[in-house]
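I opened this structure to see how its parts are held together. My notes follow the order in which I looked things up.

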Amino acid sequence: MFNRLKNIFFNKRERVKYKCAECGEYHENWPALGYNAPIYYSQLSDYDKENIASLNSDFCVIEHSNQIDRFIRVVLFQKVVGSCEDLHYGLWVSLSEKSFLDYKSHFDSNDYEAVYFGWISNILEGYDDTLSVPVNVVYNGGANRPEIIPHKSFSHPFVEEYYNGISKEEAQKRVDNVLKGCDSEA
C-alpha cells in the first residue's frame, strides 16, 4: 500500500465550511485525492523517466521500443451516500493515439466537446486494482479537466460503488489513509 500512496498527492487546501443549499446543514469539504502520474510512469526507473517519458500536469507520454503509451489527467466524482458532497479524485487515464491527439489539439478550446474511451491508469485507494476498469472520458471544453464515467456493465467493486455510492465512513477512511501515507513519507 505504501508504494501506491507515495505516488498520490493530497490537495492540502484548507477544509472549508459551507452551508449546503440542498439540506441546509453546515459541512466541511473533503480534500481532493490526486495522483501525480499514471502508475506506469511511477514504475519507470529514473533513467527511463528521463529518456523515454514526458510528464506535465495534464499529459504523460511513455515511448517504449514497441509502443507509445499516452495518458491525460482527469477527474472522478465518487458519490457518497447520505452526504451532500462527493469524494473527488484527480486521476490519469490512457487513451488511444487518435483520442489523445484530438484531446490535445482541443485542450484550450472552450466550445469543444468529446467523449473518448480510456482505461483508469491508477490504483485507487480502497481497491486492490482499478487498472482494468474501462471508462468514458467526457470533455466539455474549457479549463476543467475531463470527467470519467466507468462502464456500468463492467463487473468490478469500484464500478458497483461508483454507481451505488460509498458510505461517509468509507470516504473518510480513504481520506485518512491517504493522509497517513503522506505523513509517513515526510
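Is Val93 buried or exposed? I found Val93 at 0% relative accessibility, so Val93 counts as buried. Buried means under 20% relative accessible area, exposed over 50%, and partly exposed in between, with a 1.4 Å probe and protein chains only.

I noted the ground rules next. This is a predicted model, where local features need pLDDT of at least 70 and side-chain atom pairs count only at pLDDT 80 or more, while totals for chains, interfaces and linings use all residues. Residues are numbered from 1 along each chain as its sequence is written, and side-chain values use heavy atoms, leaving out hydrogens and water.

**Strands**

I placed Val93 in strand E8. Helices (H or I, at least four residues) and strands (E, at least two) are DSSP runs, numbered from the N terminus. E8 (residues 87-95) pairs with strand E9 (residues 114-120) in the antiparallel sense, over three bridges. Two strands pair if DSSP finds at least two bridges between them. Opposite Val93 stands Ile120 in E9. I also checked Val93 against Pro134, 41 residues apart along the chain: their C-alpha atoms are separated by 9.3 Å.

E9 has six bridges to strand E10 (residues 134-139), and the two run antiparallel. Val115 has Val138 in E10 as its bridge partner.

**Aromatic rings**

I counted eleven aromatic pairs. Rings of Phe, Tyr and Trp (its six-membered ring) pair if their centres lie within 6.5 Å; planes under 30 degrees apart count as stacked, over 60 as edge-to-face and the rest as tilted. I looked at Tyr40 and Phe71: the ring centres are 5.9 Å apart and the planes at 20°, so this pair is stacked. Tyr40 is in helix H2 (residues 39-42) and Phe71 in strand E7, so the pair ties together parts 31 residues apart in sequence. Tyr40 is partly exposed at 32%, whereas Phe71 is buried at 2%.

I then turned to Tyr103 and Tyr139. Their ring centres are 4.9 Å apart and their planes at 85°, so this pair is edge-to-face. Tyr103 belongs to helix H4 (residues 97-105) and Tyr139 to strand E10, 36 residues apart. Both residues are buried. Tyr103 and Tyr139 also belong to one aromatic cluster with Phe59, Phe100, Phe107 and Tyr116.

**Salt bridges**

I found four salt bridges. Each is a side-chain nitrogen of Lys or Arg within 4 Å of a carboxyl oxygen of Asp or Glu. Arg145 bridges to Asp58, with the closest N and O atoms 3.1 Å apart. Arg145 sits in the loop between E10 and strand E11 (147-150) and Asp58 in the loop between strand E5 (53-55) and strand E6 (59-63), so the pair ties together parts 87 residues apart in sequence. Arg145 is partly exposed at 33%, but Asp58 is buried at 14%.

Glu97 forms a salt bridge with Arg70, at 3.7 Å between the closest N and O atoms. Glu161 and Arg174 meet in another, at 3.1 Å. Glu161, Glu170 and Arg174 are linked in a network of salt bridges.
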